[in-house]
2 protein chains.
Amino acid sequence: MAQLKLQPEEMVQTEIYAKFFHGLSNPTRLRIVEILLDGEKNVSQLVEATGATQSQVSNQLACLKWCGYVTSRQEGKYVLYRISDERVRTLLQLAKAIVADNAEHIRCCTRM
Amino acid sequence: MAQLKLQPEEMVQTEIYAKFFHGLSNPTRLRIVEILLDGEKNVSQLVEATGATQSQVSNQLACLKWCGYVTSRQEGKYVLYRISDERVRTLLQLAKAIVADNAEHIRCCTRM
DNA sequence: ATGATATATTAAGGTATCATGATACAAGAA
DNA sequence: TTCTTGTATCATGATACCTTAATATATCAT
């Protein structure tokens with residue numbers, strides 16, 4: 001039996017944090033976050049900037065929103081997304097700094 | 001067609017960072033990292049502390065090692081693991097701080 | 001109202017990841 | 001050597017995740 005998804009009530013702290021990190025574990029989602037760190041964007045702009053499909057972007061934005069990385073507001077027919085917490089910028093910078101000395105290692109990882 | 005794993009050469013920066021975050025996206029792996037932040041441990045101690053199987057712990061340690069989170073050294077018949085970069089502690093603290101105001105949101109996330 | 005554009009949601013299929021169990025490897029003791 | 005303990009690897013099966021395509025919803029213009 002593989003990993004069984006827990007019900008919200010039985011999810012403990014560690015699982016919540018793991019889920020939070022999972023938010024940044026997908027290249028498309030991470031790219032979206034990076035782009036939004038440059039400023040508020042609507043979905044079409046994100047589609048353009050990422051090269052992903054509209055459906056993909058919308059779905060990943062939903063994930064990011066659930067995880068608390070982004071918030072959105074409607075403006076006319078557009079929906080504008082932005083980073084909800086400036087500390088996300090620091091988080092990414094820190095991760096990049098840590099990765100810096102290990103990039104080649106991670107690149108070659110075949111275990112996940 | 002779902003996600004196709006890229007060859008190391010064609011993996012770009014964003015994918016490397018995503019992979020790095022993926023390292024912390026599994027509860028068992030994250031727990032191991034948290035435990036190791038308390039000090040060097042051997043595999044058996046980690047099995048004991050996490051409640052996971054030996055196989056599971058070894059496998060996840062391999063992932064964490066590839067990602068550069070931990071390093072290991074042999075000492076007699078034991079293999080001791082430790083956090084390879086103290087900044088990982090900061091990374092976790094920062095993540096927890098960001099999550100703090102969004103825990104309930106993340107807990108209920110059904111999109112991933 | 002209808003049509004056009006922007007975004008969200010859903011279902012289906014394929015791939016990646018994970019847990020399990022078995023097995024292999026390594027080091028020390030007898 | 002064999003036995004024991006500690007650790008790593010591998011194959012299998014099950015679940016989770018991602019992508020795609022279709023469809024639904026929303027807003028604005030006509």
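Predicted model: local features only at pLDDT ≥ 70, side-chain atom pairs only at ≥ 80, totals over all residues.
Student: What should I know about the numbering and the model before we start?
Tutor: Residues are numbered from 1 along each chain as its sequence is written, chains are lettered from A and ligands numbered from 1 in the order in which they are written.

Student: OK. How many helices and strands does chain A have?
Tutor: Chain A has six helices and three strands. Helices are DSSP runs of H or I with at least four residues, strands are runs of E with at least two, and both are numbered from the N terminus. From that end, the order in chain A is α-α-β-α-α-β-β-α-α.

Student: What share of chain A counts as buried?
Tutor: Of its 112 residues, 46%. Buried means under 20% relative accessible area, exposed means over 50%, and partly exposed is in between, using a 1.4 Å probe and protein chains only.

Student: Give me one residue. Is V43(A) buried or exposed?
Tutor: V43(A) is buried, with a relative accessible area of 17%. V43(A) lies in helix α3 (residues 43-50) of chain A.

Student: Which residues does V43(A) touch?
Tutor: Leaving out residues up to four places away in sequence, V43(A) touches V57(A), S58(A), L61(A), V79(A) and Y81(A). Contact means heavy atoms within 4.5 Å. V43(A) and L61(A) are 18 residues apart in sequence, and their C-alpha atoms are 8.7 Å apart.

Student: Switching topic. At what angle do α1 of chain A and α2 of chain B pack?
Tutor: Helix α1 (residues 13-22) of chain A and helix α2 (residues 27-36) of chain B pack at about 110°, and their axes are 9 Å apart. That makes α1(A) roughly perpendicular to α2(B). Angles of 65 to 115 degrees count as roughly perpendicular, under 35 as roughly parallel, over 145 as roughly antiparallel, and the rest as oblique. The axes are lines fitted to C-alpha atoms, for helices over the stretch in contact, and angles run from 0 to 180 degrees between N-to-C directions.

Student: Which residues meet there?
Tutor: From α1(A), T14(A), E15(A), Y17(A), A18(A) and F21(A); from α2(B), P27(B), L30(B), R31(B) and E34(B).

Student: How many aromatic pairs are there over all chains?
Tutor: Five. Rings of Phe, Tyr and Trp (its six-membered ring) pair if their centres lie within 6.5 Å; planes under 30 degrees apart count as stacked, over 60 as edge-to-face and the rest as tilted. F20(A) and F21(A) are edge-to-face, at 6.0 Å centre to centre and 65° between the planes. F20(A) and F21(A) are both buried.

Student: Why is the pair of F20(B) and Y69(B) stacked?
Tutor: The planes of F20(B) and Y69(B) are at 15° and the ring centres 4.6 Å apart, so the pair is stacked. F20(B) lies in helix α1 (residues 13-22) of chain B and Y69(B) in the loop between α4 (54-66) and β2 (70-75), so the pair ties together parts 49 residues apart in sequence.

Student: Which residues do ring pairs link into a cluster?
Tutor: The cluster holds F20(A), F21(A), Y69(A), F20(B), F21(B) and Y69(B).

Student: Last one. What is the strand order of the sheet in chain B?
Tutor: The order is β1-β3-β2, in an open sheet of three strands with antiparallel pairing. Two strands pair if DSSP finds at least two bridges between them. K41(B) has Y81(B) in β3(B) as its bridge partner.

Notes: Heavy atoms only, no water.
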